[in-house]
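Trainee: I'd like to learn how to read a fold like this one. Can we walk through it together?

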Amino acid sequence: LYPNVLVAPRSVVSASGSVQKKGDKKVGECAFQSRGKGEVYLHPSTIAYDQECLDSRYCCYHEIVKTSKIFARDTTTVSPFALLLFGGALQVYQTNGIC
């Protein structure tokens, strides 16, 4: 999986039982963060592009394409446990709650 991982903004991840407010952006309109590539957007052909929320903050992609913006194609969400198992070296910052 690693390093083809994107991190979604917290605003597009569904919390259990929460409903997204009307007027919030769709997933495809939000910028994801990529290590080394900066802001990346979902390609319009990606299934998750029109969704209102994602089930995980982490996404795995197959390829990056640069046209008017940097787009990720063939994107799917991945659980944090998959990243722990297959994601390479891990650094834990317990005081900040960040892996």
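This is a predicted model: local features need pLDDT of at least 70, side-chain atom pairs count only at pLDDT 80 or more; totals for chains, interfaces and linings use all residues.

Trainee: Which strand pairs with β6 in the parallel sense?

Mentor: That's β3, residues 38-42, which pairs with β6 over two bridges. Phe 71 turns up again here, in β6 opposite Tyr 41. As a general idea, side chains in a regular strand alternate between the two faces of the sheet.

Trainee: On to charges. Which side chains meet in a salt bridge?

Mentor: Arg 73 and Glu 63 do, at 3.3 Å from N to O. Arg 73 sits in strand β6 and Glu 63 in strand β5 (residues 63-66), so the pair links distant parts of the chain, ten residues apart. The count of salt bridges comes to one.

Trainee: Now the inside. Which residues of the largest nonpolar core touch the most other members?

Mentor: The general idea is that in soluble globular proteins nonpolar side chains tend to be buried together. Here the largest nonpolar core has 13 residues, and Leu 6, Val 12, Val 27, Phe 32 and Leu 54 touch the most other members. Take Val 27: leaving out residues up to four places away in sequence, its contacts include Val 12, Phe 32, Leu 42, Ala 48 and Leu 54.

Trainee: What about loops? Is Thr 75 buried or exposed?

Mentor: Thr 75 is buried because its relative accessible area is 12%, under the 20% cut-off. Its place is in the loop between β6 (70-73) and β7 (76-78). Beyond its neighbours within four places in sequence, Thr 75 is in contact with Leu 42, Thr 46, Cys 59, Cys 60 and Tyr 61.

Trainee: And Gly 36, where is that?

Mentor: Gly 36 is in the loop between β2 (32-34) and β3. Gly 36 is exposed because its relative accessible area is 82%. The C-alpha atoms of Gly 36 and Pro 3 are separated by 9.6 Å, with the two residues 33 apart along the chain.

How values were computed
Residues are numbered from 1 along each chain as its sequence is written. Side-chain values use heavy atoms; hydrogens and water are left out. Helices (H or I, at least four residues) and strands (E, at least two) are DSSP runs, numbered from the N terminus. Buried means under 20% relative accessible area, exposed over 50%, partly exposed in between (1.4 Å probe, protein chains only). Contact means heavy atoms within 4.5 Å. A salt bridge is a side-chain nitrogen of Lys or Arg within 4 Å of a carboxyl oxygen of Asp or Glu. A nonpolar core is a set of buried Ala, Val, Leu, Ile, Met, Phe, Trp, Tyr and Cys residues joined through side-chain atoms within 4.5 Å. Two strands pair if DSSP finds at least two bridges between them.
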